[in-house]
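Please look over the model shown here before reading on; the report begins with a metal site and then turns to the chain as a whole.

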Amino acid sequence: MDRDIYLKIKSEMDAKRQRAIRIAKEKKEKAFEQDPRLQELEDQINMLALNTTKTILTTTDEIKKQIEQENLNMKIKNLTEKLENQLKKDGYKKEDFLPKFECSKCQDTGFVKDENSNAKYCSCILQKVINESYNEANMLRLDEENFETFDIGYYSKKPDKEKYGIDKSPLENIEAIKNLSIKFCENIDSDEQKNLLFTGNTGLGKTFLANCIAGKLIKQNKSVVYQTAPILMDKIVEYKFSQKKDKEDVSDYKKIFDVDLLIIDDLGTESMNNLKFTELFNVINTRILNKKKIVISTNLTLNELYKEYDERVMSRLIGNFIICKFVGDDIRLKKKKLS
Ligand SMILES: Nc1ncnc2c1ncn2[C@@H]1O[C@H](COP(=O)(O)OP(=O)(O)OP(=O)(O)O)[C@@H](O)[C@H]1O
Ligand SMILES: [Mg+2]
Ligand SMILES: [Zn+2]
């Protein structure tokens, strides 16, 4: 892991975490200021909790200890109910005073405990490091492009075999592809699940849908590397030819093979040579052998892909990918006309 990137992310997370805590605290203070009864109740609860601890520490008679403890617990329960009712009357819930963390697993600390209670990195911070070092943030627009915002209204209801080359309407077609994509996320760990190949003309939502998948998987705590084919190929070749590889270079390179999902966008736009070719085949082949998932998007038709890439790559693609053909009218143009 790149130390600088890690430190930057960690300090951003810490700041966000502190902010969430501060906001929650301020909310509580404001509520308690407006209604002094809340503070009274909370003080009483705290006092009783303290007494409980004292009782546990000082009472030697086990039976007496138990009775007193139960008695105190009952009182605390009653007072807590009172406090909650009072809050409700004031228009609050007790959750309002809890900090809103982005990651519920680590509460934005970046660390969780493993089976042996040792601290390990939370998947959220690992993905943030990947996003920073790999996924060009402006490409991976997870906030704007997700399954909730994916609008099937842009695809025509009217079938037109001559124009689109399929029997179904673009709408029916995209609905099927969207469902396949959701299933793909659900079955990401299944050996049976095939990879996805998005083909189709420009502006039909291939990159958008790839982003939807990335976002959903990241929420499922999966690791995702998104890269356009030209940049991915360049990175790999650069790595292979660099004389001096430090630990970070190696770990970056390994990520291409290790992450749960690799998205290769715009395949076919890169200028190919034999070396890149071999490397592309190596990435696809190794991931397939290790049952690691891939999503590829391309403007090229299957025929064009056949012409562009050799037999080995193509038979790998055909055998292990579900081919999703996007059809319709350029959404980029439609959006431009509307704005
Ligand atoms: N289903 C959709 N709902 C809303 N906006 C969409 C949808 N599909 C595409 N868009 C918008 O249309 C534009 C083009 O989409 P996108 O980049 O995903 O197309 P593409 O198929 O990847 O094109 P290219 O082959 O040129 O890379 C983007 O601005 C995107 O936000
Ligand atoms: Mg695209
Ligand atoms: Zn986390």
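## The zinc site and the chain around it

The site of the zinc ion (ligand 3) is tetrahedral, with angles of 105 to 113 degrees among its 4 donor atoms; four donors count as tetrahedral if all angles lie between 85 and 135 degrees, and donors are N, O and S atoms within 2.8 Å of the metal (3.2 Å for Na, K and Ca), with water not among the atoms, so sites may look incomplete. This is a predicted model, in which local features need pLDDT of at least 70 and side-chain atom pairs count only at pLDDT 80 or more, while totals for chains, interfaces and linings use all residues. Residues are numbered from 1 along each chain as its sequence is written, chains are lettered from A and ligands numbered from 1 in the order in which they are written, and side-chain values use heavy atoms, with hydrogens and water left out.

The protein donors of this zinc ion (ligand 3) are the SG atoms of Cys 103, Cys 106, Cys 122 and Cys 124, lying 2.3 Å from the metal, and along the chain they follow the spacing C-x2-C-x15-C-x1-C. Cys 106 lies in the loop between α3 (62-89) and β1 (111-113), whereas Cys 124 lies in helix α4 (residues 123-133), so the pair ties together parts that are 18 residues apart in sequence. Both Cys 106 and Cys 124 are buried, where buried means under 20% relative accessible area, exposed over 50% and partly exposed in between (1.4 Å probe, protein chains only).

The protein chain holds 13 helices and 7 strands, which are DSSP runs numbered from the N terminus (helices H or I, at least four residues; strands E, at least two). Its radius of gyration is 28 Å, well over the 20 Å that the globule rule gives for 339 residues, so the chain is more spread out than a compact globule; this radius is taken over C-alpha atoms, and the rule is 2.2 Å times the number of residues to the power 0.38.

The domain assignment, which is automatic or from a database, divides the protein chain as follows.

| Domain | Residues |
|---|---|
| domain 1 | 3-97 |
| domain 2 | 134-338 |

The centres of domain 1 and domain 2, taken over C-alpha atoms, are separated by 48 Å, and the C-alpha trace of the protein chain spans about 85 × 55 × 35 Å along its principal axes. Of the 339 residues, 40% count as buried.

Leu 333 lies in helix α13 (residues 331-338) and is partly exposed, with a relative accessible area of 47%.

Methods: Tetrahedral: all angles 85-135°; square planar, octahedral: opposite > 155°, others 65-115°.
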